[in-house]
Amino acid sequence: HRLQSKLAELLVCCFRPPATASSQEAVVKEEPREPAAQTIAKGTLLDKHAITPDQIKVDMAPQLNRRPRLLITNDDGINAPGLRRLVEEITKADFADVWVCAPSGERSAQSHAITLGRYMSCAPSELAGTMEAYAVDGTPADSVMLALHSPLLAGGSAEFDLVVSGINRGDNCGLHVIYSGTVGAAREAACKGLPSIALSLDNHMARKADDYTLSAQLSVTVIKATLGLLPGQPAIPGPNGGDATTAAQVLRGAVLNVNFPIGQGQMMQGFHLTHQSLGCVFPAFKEVQEASGPHLAEIDEHTPNSRVFRNYAGLVQEDDTEGGDGWAVRHGWVSVTPLGLRQDLPGRIGPGLDKRVEDIVAAASSVVRAAAHDTGLSVGGLAKL
C-alpha cells in the first residue's frame, strides 16, 4: 500500500491523458533544460551489500558547471547500426558529452563475462559526435570496466553521469537478461555505483541504421528523463525522504532495462513500467561436421573422437503475464524494467531493502511518466507494479 500510494502521488503530479493516434508519431522534442542543482546525502543510495558509500560520487553535473557525461557501449560491436544511430541522435539533441567504449565485434550473449589471463587491445574508432571512441578486444563488461577504471578515456579523468548500453538487435526481455551482454554491460556500471540503461529493439532483422531511428529517438527521451533534462520535468523525492533529486541519482547501482517493440510508429502504445518476465528460448543443439577453422579454435583437431555442436534456437517458453516486459513489448509498449544487483529475495532478506526497492521503482516510474509526457504517448503500469 505504501508503494502504490507513493506511485499514485507521482502519477498525479504530471500525468496527462493518453495521446491520440495522430500524435503518437510525434516523437522527440529537442528542448533541453538545466535540471535543479541539488544533491543528496552521501551513503543513502546503495544497499550496504552492493557497494560501500565511499565508492560512489553523488554530485550532480549541474553543480560541476558542465554538461552530463554519457558512456555508450553495447554487445553487438562498435560498428553496429544500433549504437551508431543512438550516438547520432544523442549528438543531434546536443545535451551531453559522449564517450564510446564497446567491443570490437559481435559479443552477444556474453552476459557479465570478463577477460582474465590475457592482454586486451583497445583501438581508437572514428565515431562522429563523440569525445573519444574505442573498440575493445574483449566482452561488453570488459569495455565498461576499462572505461571506468583505466586511463583509456580522457586519461582516466572522465566521471560519467550515466552509462547506456545498446541499442541491441533483438529484445532482452524475461530470462534473456541473464545471458545478455547488453544488460551485462549496464550491470557492470551498476556494480560500480553508476546509474545505467540497457536498450534493446525487438527486431532481430534490424541490420540497418534506419531500423533504429525511432527507438534511438525514444532512447534520447528516456536518457533525458533519467537525467532530469526534459522541459518542465519536476524533481523527484530523494531516498528516505531526502532532498528532491533526479532519477539518475536514485538509480545508482541499478539498471533500467528498456525494450522497444518491433511494431513502431502507428502501433506504439507508449511507455509501460514492467516487471521481468520468465520467458526464454530453449536451445536446440545440432551436431555438425565441419572442417577446422577459426570458429573451432578452442578444439584441438588432434583430439580423438571429438564432436562438434552448434546452438540453434529451439522451443520458446512464453510468459504473457500482464505487466511483464515480454507482455508489454508484444502489445506495442516500450517496457521499462528496473533491475537490481542482488539476487536473493528482496523484501525478505536484508534490513532496509524494502525501502531501497521502493525508491528504485519510484525513480523508474518518474522516467516512464516523463518520457511518455514528452513524446505524447500513453503511460502504463505505474499503479500496478
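**Figure 1. The largest nonpolar core of the predicted model.** This core holds 60 residues. Leu-70, Ile-72, Ile-90, Phe-95, Val-100, Ile-223 and Phe-271 touch the most other members. Helix H9 (residues 353–375) gives the most to this core, with nine residues. A second, separate core has 16 residues, among them Cys-101, Val-136, Val-144 and Ala-147. A nonpolar core is a set of buried Ala, Val, Leu, Ile, Met, Phe, Trp, Tyr and Cys residues joined through side-chain atoms within 4.5 Å. Buried means under 20% relative accessible area, exposed over 50%, partly exposed in between (1.4 Å probe, protein chains only). The model is predicted, so local features need pLDDT of at least 70 and side-chain atom pairs count only at pLDDT 80 or more, while totals for chains, interfaces and linings use all residues. Residues are numbered from 1 along each chain as its sequence is written, and side-chain values use heavy atoms, with hydrogens and water left out.

**Figure 2. The whole protein in outline.** The protein has nine helices and 12 strands. Helices (H or I, at least four residues) and strands (E, at least two) are DSSP runs, numbered from the N terminus. Of the 385 residues, 51% are buried. The accessible surface comes to about 17800 Å², and carbon and sulfur atoms own 54% of that surface. Areas come from the Shrake-Rupley method with a 1.4 Å probe; for residues, only the protein chains shown count as cover. Take contacts between residues at least 6 apart in sequence: 80% join residues at least 24 apart. Contact means heavy atoms within 4.5 Å.

**Figure 3. An open sheet of 10 strands.** The order is S3-S4-S2-S1-S5-S6-S7-S11-S8-S12, and the pairing is mixed. Strands S3 (122–124) and S12 (378–380) stand at the edges with a single partner strand each, so one side of each has no neighbour in the sheet. Neighbouring strands are turned by 20° against each other on average, direction ignored. Two strands pair if DSSP finds at least two bridges between them. Strand S8 (residues 270–273) and S12 run parallel, joined by three bridges. Phe-271 has Val-379 in S12 as its bridge partner. Phe-271 also belongs to the largest nonpolar core.

**Figure 4. Helix H2 across the sheet strands.** H2 (residues 81–93) lies across S1 (69–73), S2 (97–103), S5 (162–169) and S6 (196–201). H2 runs at about 135° to S5. Axes are lines fitted to C-alpha atoms, for helices over the stretch in contact, and angles run from 0 to 180 degrees between N-to-C directions.

**Figure 5. Helix H3 and its cover.** H3 (residues 140–149) is mostly covered, with seven of its 10 residues buried. Among them are Pro-140, Asp-142 and Leu-146. The buried residues pack against S1, S2, S3, S4 (132–136) and helix H5 (181–191). Val-144 and Ala-147, both buried in H3, are also in the second core.

**Figure 6. Ser-215 in helix H6.** Ser-215 lies in H6 (residues 213–227). Ser-215 is buried, at 0% relative accessible area. The Ser-215 side chain reaches the backbone oxygen of Tyr-212 at 3.1 Å.

**Figure 7. Backbone exceptions.** Most residues other than glycine have a negative phi, and most peptide bonds are trans. Gly-166 and Ile-167 are joined by a cis peptide bond, with omega about 10°. Ile-167 lies in strand S5. Asp-94 has a positive phi of about 55° and sits in the loop between H2 and S2. Ser-111 has a positive phi near 50°. The loop between S2 and S3 holds Ser-111, which is partly exposed at 22% relative accessible area.

How values were computed
A polar contact is a pair of N or O atoms within 3.5 Å; within protein, one must be able to donate a hydrogen and the other to accept it, and residues adjacent in sequence count only if both atoms are side-chain atoms.
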